[in-house]
Amino acid sequence: MKANDLRVGNWVSIREKPFQVYTFSRTGIDEYAGEDNKGRVMTYPWKISACSPITLTPDILEKAGFTERKHLDDWFISLKDTGTILIIMIGFDVANICPSNQKPCLYIHCAYLHQLQNLYYALTGEELTIDLN
C-alpha cells in the first residue's frame, strides 16, 4: 500500500484492526486518538508500511449500503441522481459502472475498501458512508 493510494477518511487495517486515516504526516498516516483535557486533537502516528488494505466482504458492502443480488452473485448501489449503478463482484476484484439496467460500460480493479471509497468519491463527489467500529 502506498500513501498516494489513500485519502483522509479511507479505512485501512493495522494489526487486524480497522481505522480511518485522519491526517498524513512526513512518516506516514495518523489515526484519530481522541482529545486531551484541553480539547486538542490527539493522533497516533503509523508508518505506511504498517497499514494493510481491507478486503471487500459481503459484511463491508452491506454496511456501505450495497444491496446483494444473489441471482447475479454481485452487490450494487445506485449513485444518487445519476441513473448509474456501481456493481461489485467479490472474488473478481472488479467494480462495474453502468447506466441502470444496461450492460457495464466501465470495469475498474476494486478489491479493497479504500479503492471503493476513492471510486465512489470520484463518481459522486461524496464520501461513502461506512462505520467499521
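Q: Quick one to start: which residue in β2 does tryptophan 11 stand opposite?
A: That would be glutamine 20. Bear in mind that this is a predicted model.

Q: Thanks! How many bridges join β1 to β2, and do the strands run parallel or antiparallel?
A: There are four bridges between β1 and β2 (residues 17-24), and the two strands run antiparallel.

Q: What's the strand order in the sheet they form part of?
A: The order is β1-β2-β3-β4, in an open sheet of four strands with antiparallel pairing.

Q: Which strands stand at the edges there?
A: β1 (11-14) and β4 (41-47) do. Each has a single partner strand, so one side of each has no neighbour in the sheet.

Q: And by how many degrees are neighbouring strands turned against each other?
A: On average by 55 degrees, ignoring direction.

Q: Let's zoom out. How many helices and strands does the protein have?
A: Two helices and nine strands. Along the sequence they follow the pattern β-β-β-β-α-β-β-β-β-β-α.

Q: What share of the residues is buried?
A: Of the 133 residues, 37% count as buried.

Q: OK, the largest nonpolar core: which residues touch the most other members?
A: Leu56, Phe66, Leu86, Ile88, Leu113 and Leu116, out of 22 residues in that core. The elements giving two or more residues to this core are α1 (58-63), β6 (74-79), β7 (84-89), β8 (94-99) and α2 (113-124).

Q: Which of those gives the most?
A: α2, with four residues.

Q: What is phenylalanine 66 in contact with, leaving aside its neighbours within four places in sequence?
A: Phenylalanine 66 is in contact with Leu61, Trp75, Phe76, Ile77, Leu86, Ile88, Leu116 and Leu128.

Q: What span should α2 have, and how far apart are its end C-alpha atoms?
A: Its twelve residues should span 16 Å at 1.5 Å a residue, and the end C-alpha atoms are 16 Å apart, so the two agree.

Q: Which residue follows α2?
A: Glycine 125, and its phi is positive, near 75 degrees.

Technical notes:
Residues numbered from 1 in each chain as written. Predicted model: local features only at pLDDT ≥ 70, side-chain atom pairs only at ≥ 80, totals over all residues. Heavy atoms only, no water. Core = buried A, V, L, I, M, F, W, Y, C linked by side-chain atoms within 4.5 Å. Buried < 20%, exposed > 50% of the residue type's maximum accessible area, 1.4 Å probe, protein only. Contact = heavy atoms within 4.5 Å. Pairing = 2+ DSSP bridges. Axes fitted to C-alpha atoms, helices over the stretch in contact; angles between N-to-C directions. Expected span 1.5 Å × (residues − 1).
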